[in-house]
Amino acid sequence: MSEPTPKKPTPLRPLPNLIFASRWLQLPLYLGLIAAQAVYVVHFLVELVHLIEAAFGSQTALQALITSIGYKTAAPIVSLNETVIMLVVLALIDVVMISNLLIMVIVGGYETFVSRMNLEGHRDQPEWLSHVNASVLKVKLATAIIGISSIHLLKTFINADNYTDRVLIAQTAIHITFLLSALAIAYTDKVMSAIAAQKH
């Protein structure tokens, strides 16, 4: 017995077709984020080279690192110390986490809002992309932002002598706000998923 011929999709009328095609206007935005990702890669490599050069005694690289992390102390710094290394490494981790956030926005956003990438079965398909939708993407982005905020807060606490109490309290409050927002988004997604499951 032959299988029924699949029904051909009905062509869209001109106006709905134009509206649906407007999703491609997002493409330059994602290409711009890819360019921003490239800038982050260059920044990461520059900071990494400075760290390695400073470890071998380069005063120029050491001063570049101290300037970039905003570290200030009464005593002059003539060699790498644990605090400077920790702040530089946290800055590098920060770049990596923001880069991960960019990838989630670029790949997940394109897949969700623009066009399918047809990555099913591809050996390098990200695990999270197999079940991504707008709700899942929001939760993952909120979680990534909390991670980035945590790194910033840790950098601030390590370098706390160079910040006022007002700045420390404000950054802590902002981090708590991010955390509560992520919990609210995750809870809302859970409730909506439960309602959708009950309807089916």
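Me: At what angle do helix 4 (residues 82-114) and helix 5 (residues 134-158) pack, and how far apart are their axes?
Reply: Helix 4 and helix 5 pack at an angle of about 170°, and their axes lie 10 Å apart. Such axes are lines fitted to C-alpha atoms over the stretch in contact, with angles from 0 to 180 degrees between N-to-C directions. A helix here is a DSSP run (H or I, at least four residues), numbered from the N terminus. Please keep in mind that this is a predicted model, where local features need pLDDT of at least 70 and side-chain atom pairs count only at pLDDT 80 or more, while totals for chains, interfaces and linings use all residues. Residues are numbered from 1 along each chain as its sequence is written, and side-chain values use heavy atoms, leaving out hydrogens and water.

Me: Why is helix 4 called roughly antiparallel to helix 5?
Reply: Angles under 35 degrees count as roughly parallel, over 145 as roughly antiparallel, 65 to 115 as roughly perpendicular and the rest as oblique. The angle between helix 4 and helix 5 is about 170°, so helix 4 is roughly antiparallel to helix 5.

Me: Which residue classes make up the contact of helix 4 with helix 5?
Reply: That contact has 20 nonpolar, six polar and three charged residues. Here Ala, Val, Leu, Ile, Met, Phe, Trp, Tyr, Cys and Pro count as nonpolar, Asp, Glu, Lys and Arg as charged, and the others, Gly among them, as polar.

Me: What makes Ala134 count as partly exposed?
Reply: Buried means under 20% relative accessible area, exposed over 50%, and partly exposed in between (1.4 Å probe, protein chains only). Ala134 has 33% relative accessibility, so Ala134 counts as partly exposed. Ala134 lies in helix 5. Leaving aside neighbours within four places in sequence, Ala134 is in contact (heavy atoms within 4.5 Å) with Thr112 and Phe113.

Me: How do you know that Gln37 is buried?
Reply: Gln37 has a relative accessible area of 14%, and therefore counts as buried. The place of Gln37 is in helix 2. Not counting residues up to four places away in sequence, Gln37 touches Ser99, Leu102 and Ile103.

Me: What makes helix 5 and helix 6 (residues 165-199) roughly antiparallel?
Reply: The axes of helix 5 and helix 6 cross at roughly 160° and come within 9 Å. Helix 5 and helix 6 are therefore roughly antiparallel to each other. Their contact includes Ser135, Lys138 and Val139 of helix 5 and Leu168, Gln171 and Thr172 of helix 6. By class, this contact of helix 5 with helix 6 has 12 nonpolar, eight polar and two charged residues.

Me: Which residues of helix 6 are buried, and what covers them?
Reply: The buried residues of helix 6 are Leu168, His175, Ala182 and Asp189. What covers the buried residues of helix 6 includes helix 5.

Me: Why are helix 2 (residues 27-55) and helix 3 (residues 59-69) called oblique?
Reply: The axes of helix 2 and helix 3 come within 8 Å and cross at roughly 130°. Helix 2 and helix 3 are therefore oblique to each other. Glu47, His50, Leu51, Glu53 and Ala54 in helix 2 meet Ala61, Leu62, Ala64, Leu65 and Ser68 in helix 3. The residues of this contact of helix 2 with helix 3 divide into six nonpolar, two polar and two charged.

Key:
Helix = DSSP H or I, 4+ residues; strand = E, 2+ residues; numbered from the N terminus.
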